[in-house]
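I opened this notebook page to record what I looked up in the model, beginning with the chain as a whole and then following one residue through its surroundings.

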Amino acid sequence: MISARTLLASALMAFAMAPIAGAQQTRPQACSEAMHDDFDFWVGEWNVYAPDGGPYQGQNSITKTQGGCLVTEHWSGASGSTGESMNFYDPLAGAWRQVWVSPGNFIDYTGGLNADGAMELTGEIYYPANNLRAPFRGVWTLQTDGSVRQHFQQQGADGSWSDWFVGIYVRQETDPRAAEAAAARGE
């Protein structure tokens, strides 16, 4: 026979556990603070060209997921290169962070909006084929026409910075050169 004392202990334990069980079922808060929107200007479907009317470089799909907490990138270059990145405001670092992964290199860098409103990240690039690491930086600048200029630089052993990639992102739905981009992709 179950004693009153056992019943009371069981009831108290069930009562004490109720808030924990309820908390596990509560939907997590989305990333809705202003800093989570800092990189929204890059979200979209893009054709990417070299600067100054240069040739098609590739296409990039940038999406915002996980309740606004994550910006993902899926790159497909005209020369066959591919890569993906995860971009997020890192509350532990108090900064934006991008982790890029491709077959040829890995990039990990942090930063945020600079005084001009461009996203500026600094960190390191790693080339696994030769075990080379180098300082690396990138700047994404929203242009007045709605395009985005992406400028990456790598620091050499002598301390000088050189361009690694410069691309002009044009939204696919408004790209006046869309037929050229589609032809370059074999579409």
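Entry 1, ground rules. I am working with a predicted model, in which local features need pLDDT of at least 70 and side-chain atom pairs count only at pLDDT 80 or more, while totals for chains, interfaces and linings use all residues. I number residues from 1 along each chain as its sequence is written, and side-chain values use heavy atoms, with hydrogens and water left out.

I looked up the secondary structure, taking helices (H or I, at least four residues) and strands (E, at least two) as DSSP runs numbered from the N terminus, and I found two helices and ten strands in the protein chain. Read from the N terminus, the order is α-β-β-β-β-β-β-β-β-β-β-α.

Of the 187 residues in the protein chain, 34% are buried, where buried means under 20% relative accessible area with a 1.4 Å probe, protein chains only. The accessible surface of the chain (Shrake-Rupley method, 1.4 Å probe) comes to about 11200 Å², and 57% of this belongs to carbon and sulfur atoms.

I call two strands paired if DSSP finds at least two bridges between them. Strand 1 (residues 44–49) runs antiparallel to strand 2 (residues 56–65) over six bridges, with Tyr 49 opposite Tyr 56. Six residues lie between these strands, and Asp 52 in this hairpin takes a positive phi near 55°. Strand 2 also pairs with strand 3 (residues 70–77), again in the antiparallel sense, over eight bridges; here four residues separate the strands, and Gln 66 in the turn has a positive phi of about 55°.

Is Asn 60 buried or exposed? I note that Asn 60, which is found in strand 2, counts as buried because its relative accessibility is 1%. Its bridge partner in strand 3 is Trp 75, and the side chain of Asn 60 also reaches the backbone nitrogen of Trp 75 at 3.4 Å. A polar contact (a pair of N or O atoms within 3.5 Å, one able to donate a hydrogen and the other to accept it; residues adjacent in sequence count only if both atoms are side-chain atoms) of 2.8 Å joins the side chains of Asn 60 and Tyr 169. Beyond its neighbours within four places in sequence, Asn 60 is in contact (heavy atoms within 4.5 Å) with residues including Trp 42, Gly 44, Trp 46, Val 48 and His 74.

Technical notes. Buried means under 20% relative accessible area, exposed over 50%, partly exposed in between (1.4 Å probe, protein chains only).
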